[in-house]
Structure formats: C-alpha cells, structure tokens
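Please open the model in your viewer and keep the selection tool at hand.

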Amino acid sequence: MYSISYHITRHPISLYLAANMNPGYLAFYPVSHEAPIHIPDVILRLTELRLLGSAVNDSQKQFHTGSDFLQLITFMGCSPAIPLEKSDTRNDHCTIKFWGPYGSPQILCGSNTRPPRCPLCRHTLLTWKEETGTPTNSTIDCPGCRRPIETRTLNWRQLAGISQLFMTISQVFPGEAVPVDSLMRCLEVDGEKWDYCYIQDPILLQPITGDSVS
Ligand SMILES: [Zn+2]
C-alpha cells in the first residue's frame, strides 16, 4: 500500500517505514510565514469546532479526533477505514498533532514527496534534495530558467509544505481526504491563509533558512 519512488528508496530513513502502520498524514500549515500564529488560539478554535477531542497523554500538542471530525474532513470512497478509536495495543488510531511554531520556516516532506517544479518555467527539479542539502537553502538555482527560485515558492504538488507551524492528521492515505470549507475558514479566521498537503512516513522536517530549530 506504500508507494515509494526510486529516488526516495535510497534514503536511509525509509528503513523505518516497515515498523509504522500509519498510511500517511493530511498536513495543514499557514503559508504566509509573516503573521505569528498563537497555537493555543488555533487549538481552542478547533476544539470548539469539534475537530479536536481530548488531548493525548495530557499533551497540548496531540489530540484525539473530536465528535465532528468526519463532518469536517471528507473522505473519498464509500466506506473510509480510518481508525478513530484508541487502540490498547498499538498507537495506530487517528490523532491530530501540532508541530512548532518554529523560529524559521521548515520544510515538511516524507517518503512520498516528489521533486518540485519551478514556478517560473515548470522545470522539474529532479535533484532538489542534493541542491537543497541540509539545512535546506532558502533559494535554489533553477537549471531550467537559470533563475534563483525561493524554495517556498516551489510547486510541491501537495506532497510537501513549508511553514513555521504544522498540524498533521494521521491515518490518512495521500489524496484520500480533503477538508470542508468550514474547517479552512476556522483556520483562516485571523486572516492567515492555510494550505494542506499529504505526507507519508517517515516525516522529514528541516529548516530552509539555515537557522536552527527553536
Ligand atoms: Zn525555472
């Protein structure tokens, strides 16, 4: 059920994949990188919306699904198999987790992430991992149009995201589920635009400016 491309299988962290039964994450993130996001406010709004349920292990960063979860996330197909109830034996039910906020923009990608496209000439940056390195540079020289491209403006085709804050929903296969408008409006109520993408384990989160993670 996992799809791993040829250029990803060489990556050593893909070895962890077999130990995790999570088919993937639906990941939300604010895109402007300008307005500071206050996570407790976002959590309060999403709790009132009943996307979020109780906290996992008293964590204020990870939550069980709320009572209206399936009204706020639309699953394709007639019978979604998403496990909403907590399992005693394995931590493989659906949870919602917050990452950050970080002091600088991070790129969130996974085993399913494909090379991005240049927003100017649509050239596919096949060697983006080598070009971006670790930590990822904030600009990439596009071999197609020879212009410097801001990493955050690359077209990741919903298979990676760049932000200082992420909210991931586990147990979602890529493309299987989409948010309804009322969930996006709730996220964007203070004027910040949010977007979403699909990520499969292992998650890789790294800074794109060279600054250390706060
Ligand atoms: Zn280009």
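**First stop: strand β6**

Select residues 106-109, which form strand β6. Both faces of this strand are covered: Q106 and L108 are buried on one side, and I107 and C109 are buried on the other. A residue is called buried if 20 or more other C-beta atoms, placed from the backbone, lie within 10 Å of its own. Strands are DSSP runs of E with at least two residues, helices are runs of H or I with at least four, and both are numbered from the N terminus.

The model is a predicted one, in which local features need pLDDT of at least 70 and side-chain atom pairs count only at pLDDT 80 or more, while totals for chains, interfaces and linings use all residues. Residue numbers start from 1 along each chain as its sequence is written.

Two strands pair if DSSP finds at least two bridges between them. Within this pair, S163 of β9 stands opposite Q106.

**The six-stranded sheet**

In which order do the strands of the open sheet of six lie? The order is β2-β3-β5-β10-β1-β12, with antiparallel pairing. Select 52-55 and 194-199 to see the edge strands, β2 and β12, each of which pairs on one side only. Then select residues 62-65: this is β3, which pairs with β2 over two bridges in the antiparallel sense. A55 has F63 in β3 as its bridge partner.

**The nonpolar core**

Now select L26, A27, F28, L108, F166, C197 and I199, which touch the most other members of the largest nonpolar core, a group of 42 residues. Such a core is a set of buried Ala, Val, Leu, Ile, Met, Phe, Trp, Tyr and Cys residues joined through C-beta atoms within 7 Å. Elements giving two or more residues to this core include β1 (25-30), α1 (39-48) and α4 (181-187). The core lies between domain 1 (25-76 + 92-113 + 158-205) and domain 2 (114-155), because both give residues to it; the domain bounds come from an automatic or database domain assignment.

Leaving aside neighbours within four places in sequence, C197 is in contact with A27, W156, Q158, L159, A160 and G161. Contact requires C-beta atoms, placed from the backbone, to lie within 7 Å.

Methods. A residue is buried if 20 or more other C-beta atoms lie within 10 Å of its own, exposed if 12 or fewer, and partly exposed in between; C-beta atoms are placed from the backbone. Two residues are in contact if their C-beta atoms, placed from the backbone, lie within 7 Å.
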